[in-house]
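Me: I have a protein model open here and would like to go through it with you. Could you help me read it?

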Amino acid sequence: MCGIVGYVGREAAIPFLLEGLRRLEYRGYDSAGIATCGPEGLTIDRTVGKLVNLAAKLGESPSDATIGLGHTRWATHGAPVVANAHPHVGGDGEVVLVHNGVIENHVQLKQELAAAGYDFRSATDSEVVAHLIAEGLKRASEAEGADANAPYLDAVRWALSRLRGTYGLAILFRDRPDLLIAARFGSPLVVGVGKGEYFLASDASPLAGRTDRIVYLADHQLATLTPSGFTVHHREQGRISPQIERVKLDELIPSLEGFDHYMLKEIHEQPEAIRNAMRGRLDDQDATAIFGGLNLTPQQLRSVDRIILTGCGTSWHAALVGEYLIEELARIPVEVEYASELRYRNPPIGHNTLVFGITQSGETADTLAAVCETKRKGHRTLAICNVVGSSIAQAADGGIYLHAGQEIGVASTKAFTSHCCVLAMLGLYFGRTRDLSFEAGQQTIEALRSLPMWVQQALQCESRVRAVAQRFADATNFLYLGRRYNFPTALEGALKLKEISYIHAEGYPAAEMKHGPIALVDRHTPSVFLVPRGITYDKVMANMEEVKARGGPIIAIAGHDDPQVEALADEVIQVPEVPEFLQPIVSVVPLQLLAYHVALIRGCDVDRPRNLAKSVTVE
Ligand code: M6R
């Protein structure tokens, strides 16, 4: 899951390439590199670590070449060192490319190419593609033709036919300093169409401010870009006419708007994000929700007898909240499955089962594969997704967009609460075609309408959270405990803390603690309890007593004015008490803030934590 950019035109390529990579850095930041092609031939610059290092290197001797490509890497094969950074060179330097994806048969190909005399300089799987294209060029150059691009396109096609795995590729040729070729299978690529200039990128964000005319390449498609035009080809079926879409991109230009980090900004954007998720979707007349994009007939809707929710990471946690919500509001059995497991599990799925891929980015490889696999078997497969036009949004039969706005921080925050909100509306929607009464529908709508205000109130706990973070930032282990709807909240709190502060944290249903995790409790291990008043309140209080008895520090996320909790906990963070089905959306706010402030105190890079990337586009 790396970021790719490319440029062909009349202006210097490097400013676009660098700015484009900056916008794609969420896809990986282990190393970065740029290749340009000018009168002096191919020039490659690569550095380890974040993009600033590459920008500093290029600043020393800026090039005015008008064609180039760039890459920001999240390491899969080979350590994050310069030798493994992209671009990679093929043959004796006649080909240079960047790659996103995984080449599964790289070991066999490497042996074969090494035996044919190709030198390998990296431990990556990507380098085999560069050499294969060089080999393809040798074969293609024997056939002369009228189209000057044809031998290059044929060489790439031949190389692709040898690959097993996924790729988004951008390729330059030493002998054609006006030609950039792109190819896609499983890793997204878009072409931006400008005036006398063409852009290439892993998603549309680098194109904001440069063009609003976009071609989303589909799997098996290739594109040739030159200053005088571009063509799109299907790998086997030849040239096709591209569909140019006009896309509003200006909102994709990221800005911190006065916040210190994107994560903090996105935490504070949650009331607005939730408002946007609900806009136009609550129907008072029928006390239900409205979704335009589900593409289900009323008959299909009523015959649904099982739902599978699938996703990864935070989206999987939101799916768990969805399980409680849909089962309670609609009485439809729900199963939640990690997408990485669902794709290989082959469960029996009935005719009336709906499968929902839950994803912020719409690009997560495992979720995409699970969605495609269930669709292939003929099941109705939908997406709940934030990024419009993303691969999963396109692959699904229909779906619901979150409209949460761009989420840049690697730690997902507003997408979690927006997903939970959409899943609550989905529960209402299905519920109203079944047992949920008009009055219960009205009450659900009323509660949903108050949600942005409650989340706003929850945000007021920040100074309190900062003090708690200060007290516990040195801990090396945390437990997060909650029950029912707040069990997934506990999982999410623990994930937030570990991913950005690198502190080990585990989330459990509070009652499970005594079946093992309680062995971890000591005076250095804080336990974060989610204990708003509700049907399991007394039980969770009893679990808090058990931790207290063993000397474990307790941080309680509780309702206002709760003397019982005050008496037991070392620290209390108050949140509004809301109907239980919406409690995770409110209770997760202090957990997001706790992770943020602990990470800050520990000097971690909050928006770009180590070893991670925003979008996991490899398996
Ligand atoms: O884009 P997706 O929602 O499909 O991403 C799924 C996970 O990779 C993502 O939620 C990840 O767990 C986040 N880093 C969590 O903060």
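Me: Is Arg608 buried, exposed or partly exposed?

Reply: Arg608 counts as partly exposed, because its relative accessibility is 27%, where buried means under 20% relative accessible area, exposed means over 50%, and partly exposed lies in between (1.4 Å probe, protein chains only). Please keep in mind that this is a predicted model, in which local features need pLDDT of at least 70 and side-chain atom pairs count only at pLDDT 80 or more, while totals for chains, interfaces and linings use all residues. Residues are numbered from 1 along each chain as its sequence is written, and side-chain values use heavy atoms, with hydrogens and water left out.

Me: Which side chain does Arg608 meet in a salt bridge?

Reply: The side chain of Arg608 meets that of Glu25, with 2.6 Å from N to O; a salt bridge here is a side-chain nitrogen of Lys or Arg within 4 Å of a carboxyl oxygen of Asp or Glu. The two residues belong to distant parts of the chain, 583 residues apart, with Arg608 in the segment after helix H19 (583–601) and Glu25 in the loop between H1 and strand S2 (31–38). Helices (H or I, at least four residues) and strands (E, at least two) are DSSP runs, numbered from the N terminus.

Me: And Glu25, buried or exposed?

Reply: Glu25 counts as buried, at 6% relative accessibility. A network of salt bridges links Glu25 and Arg608 with Lys50 and Asp605.

Me: How many salt bridges are there in the whole structure?

Reply: A search of the whole structure finds 39 salt bridges. One of them joins the side chains of Arg210 and Glu11, at 3.2 Å from N to O. Arg210 sits in the loop between strand S10 (198–201) and strand S11 (213–216), and Glu11 in the loop between strand S1 (3–8) and helix H1 (13–24), so this pair ties together parts that are 199 residues apart in sequence.

Me: What about Asp212, which partner does it have?

Reply: Asp212 forms a salt bridge with Arg246, where the side chains are 3.0 Å apart, N to O. Arg246 lies in strand S15 (residues 245–246), and Asp212 in the loop between S10 and S11, 34 residues away. Arg246 is exposed, with a relative accessible area of 63%, whereas Asp212 is partly exposed at 33%.

Me: New topic: where are the domains?

Reply: The domain assignment gives domain 1 as 3–252 and domain 2 as 262–601, and such bounds come from an automatic or database domain assignment. Eight residues from domain 1 and seven residues from domain 2 take part in the contact, where contact means heavy atoms within 4.5 Å. Taken over C-alpha atoms, the centres of the two domains are 38 Å apart.

Me: How many salt bridges run between domain 1 and domain 2?

Reply: The count between domain 1 and domain 2 is zero salt bridges. On the side of domain 1 that touches domain 2, there are five nonpolar, one polar and two charged residues, with Ala, Val, Leu, Ile, Met, Phe, Trp, Tyr, Cys and Pro counted as nonpolar, Asp, Glu, Lys and Arg as charged, and the others, Gly among them, as polar.

Me: Last one: is Lys414 buried or exposed?

Reply: Lys414 counts as buried, at 3% relative accessibility, and its place is in helix H13 (residues 414–431). A polar atom of the Lys414 side chain lies 2.9 Å from the backbone oxygen of Ala404. Leaving aside neighbours within four places in sequence, Lys414 is in contact with several residues, including Glu266, Glu269 and Gln270.

Terms used: A polar contact is a pair of N or O atoms within 3.5 Å; within protein, one must be able to donate a hydrogen and the other to accept it, and residues adjacent in sequence count only if both atoms are side-chain atoms.
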